[in-house]
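This report describes how two chains are built and how they meet, and it is meant to be read beside the sequence and the coordinates.

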Amino acid sequence: MDTQTQRKYVYEPSKTTEPDFPSTSRPKGSPFFAHLITFLILFSLWILLSGKFDLFHLSLGIISCIIITLISGDLLFPESKTKGLIRSWLLFLKYIPWLLYQIILANLHILYLVFHPRMMELIDPEIIKFQSKLKKELSLVTFANSITLTPGTITVYVSVDGNFHVHSIDKKSAEPLPGEMESKVARAFGEQ
Amino acid sequence: MDIVVTALLVIGLVFFTGGGVGILRLPDFYTRLHPAGKLDTLGSLMMMMGVAVFNLHHFTWGALLTSLKIILIVVFIFLSSPTATHSIVDAGVRAGLVPWTKKERRE
């Protein structure tokens, strides 16, 4: 293992290989409502993808959607917590336009950097580390993906307890972290 | 209608070009992933929107379904592209590649 000895930049690889997931024991609530919503999502996706409205295709879709819902119905809503489900989805939908706006702004910034004649003076890559206040896994994943989607920053490493390593391309991209985006994600998932 | 489609396609093309130029110009693996992973995402959003609008030129329900499918492609790109970028970066870090930084900081 001579690659191990030559390694210069290491961030505790033991932590990344064995994450301990706190939510492996799922609480057994009444899963009917969650199953129903999962079925409806799957079935609307089926209609969208098949595009045929005769009895044969619709019944095929119903049968296969029921089977998939029974097998993996607890994947989409693992907590089977039906209270405030619709409200949280609405909050999440409110988060998406803001994210799109940020993506466009940041993309223009990267475009400016790339076509700038003195690009090498403008960029200043570094890895920044910070501790996030978010608790839920889903909000952590959304936050990490949002960081990666807004150009100038890539999430290098996230741990379950919210420890972030982010690679940023210049100072301007690194400044707003964690900041506003984190509080937006926290609001979208009902964490304050 | 045609103007909107052309504008969307051209904007998407500009973003893709920026991504390509960025891959060539930036100094190292990690910084190159910035344009590669993300200018492509917005570029494909713009181009797919252009194609979806062009598809609705003569409105039928079938054309609407096709446009919705095209938008669904964009949704999946937006989900998978940051994840793929993250896994590439993670592979680089695990292999022990040191990120490029400016000289004055390295000292």
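## Basis of the description

The structure is a predicted model, and the values that follow are computed from its atoms.

## The sheet of chain A

Chain A contains an open sheet of three strands, ordered S1-S3-S2, in which the pairing is antiparallel. S1 and S2 of chain A stand at the edges and have a single partner strand each, so one side of each is left without a neighbour in the sheet. Averaged over the sheet and with direction ignored, neighbouring strands are turned by 25° against each other.

The pairing of S1(A) with strand S3 of chain A, residues 163–168, is antiparallel and extends over six bridges. Within this part of the sheet, Lys129(A) stands opposite His165(A), a residue of S3(A). H7(A) packs on the sheet, where it touches S2 and S3 of chain A, and its direction makes about 145° with that of S2(A).

## Thr142(A) in helix H7

Helix H7 of chain A covers residues 137–149 and includes Thr142(A). Although 40 residues separate Thr142(A) from Glu182(A) in sequence, their C-alpha atoms are 9.9 Å apart in space.

## The helices of chain B

Chain B has four helices and zero strands, so that its elements, read from the N terminus, follow the order α-α-α-α. Of the 107 residues in chain B, 29% are buried. When contacts in chain B between residues at least 6 apart in sequence are considered, 65% of them join residues at least 24 apart.

H2(B) and H3(B) pack with their axes 9 Å apart and at an angle of about 175°, which means that H2(B) is roughly antiparallel to H3(B). The residues of this contact between H2(B) and H3(B) comprise 16 nonpolar and nine polar residues, with no charged ones.

## The contact between the chains

In the contact between the chains, 35 residues of chain A meet 33 residues of chain B. On the side of chain A that touches chain B, at least two residues each are supplied by helix H1 (2–6), helix H3 (32–50), helix H5 (85–115), strand S1 (126–131), H7 and strand S2 (153–158) of chain A. The largest share of that side, seven residues, comes from H5(A). By residue class, the side of chain A that touches chain B divides into 22 nonpolar, nine polar and four charged residues.

In soluble globular proteins, nonpolar side chains tend to be buried together. The largest nonpolar core here has 18 residues, and those that touch the most other members are Phe143(A), Val156(A) and Val89(B). Two or more residues of this core come from each of H7, S2, S3 and helix H9 (179–188) of chain A, and likewise from helix H2 (29–55) and helix H3 (61–94) of chain B.

Not counting residues up to four places away in sequence, Val156(A) touches Ile127(A), His165(A), Val166(A) and His167(A) in chain A, together with Val89(B), Asp90(B) and Val93(B) in chain B. Another core, of 17 residues, lies apart from the largest one, and among its members are Val114(A), Ile169(A), Leu45(B) and Met48(B).

Definitions and conventions: Residues are numbered from 1 along each chain as its sequence is written. Chains are lettered from A and ligands numbered from 1 in the order in which they are written. This is a predicted model: local features need pLDDT of at least 70, side-chain atom pairs count only at pLDDT 80 or more; totals for chains, interfaces and linings use all residues. A residue is buried if 20 or more other C-beta atoms lie within 10 Å of its own, exposed if 12 or fewer, and partly exposed in between; C-beta atoms are placed from the backbone. Two residues are in contact if their C-beta atoms, placed from the backbone, lie within 7 Å. Ala, Val, Leu, Ile, Met, Phe, Trp, Tyr, Cys and Pro count as nonpolar, Asp, Glu, Lys and Arg as charged, and the others, Gly among them, as polar. Two strands pair if DSSP finds at least two bridges between them. Axes are lines fitted to C-alpha atoms, for helices over the stretch in contact, and angles run from 0 to 180 degrees between N-to-C directions. A nonpolar core is a set of buried Ala, Val, Leu, Ile, Met, Phe, Trp, Tyr and Cys residues joined through C-beta atoms within 7 Å. Angles under 35 degrees count as roughly parallel, over 145 as roughly antiparallel, 65 to 115 as roughly perpendicular and the rest as oblique.
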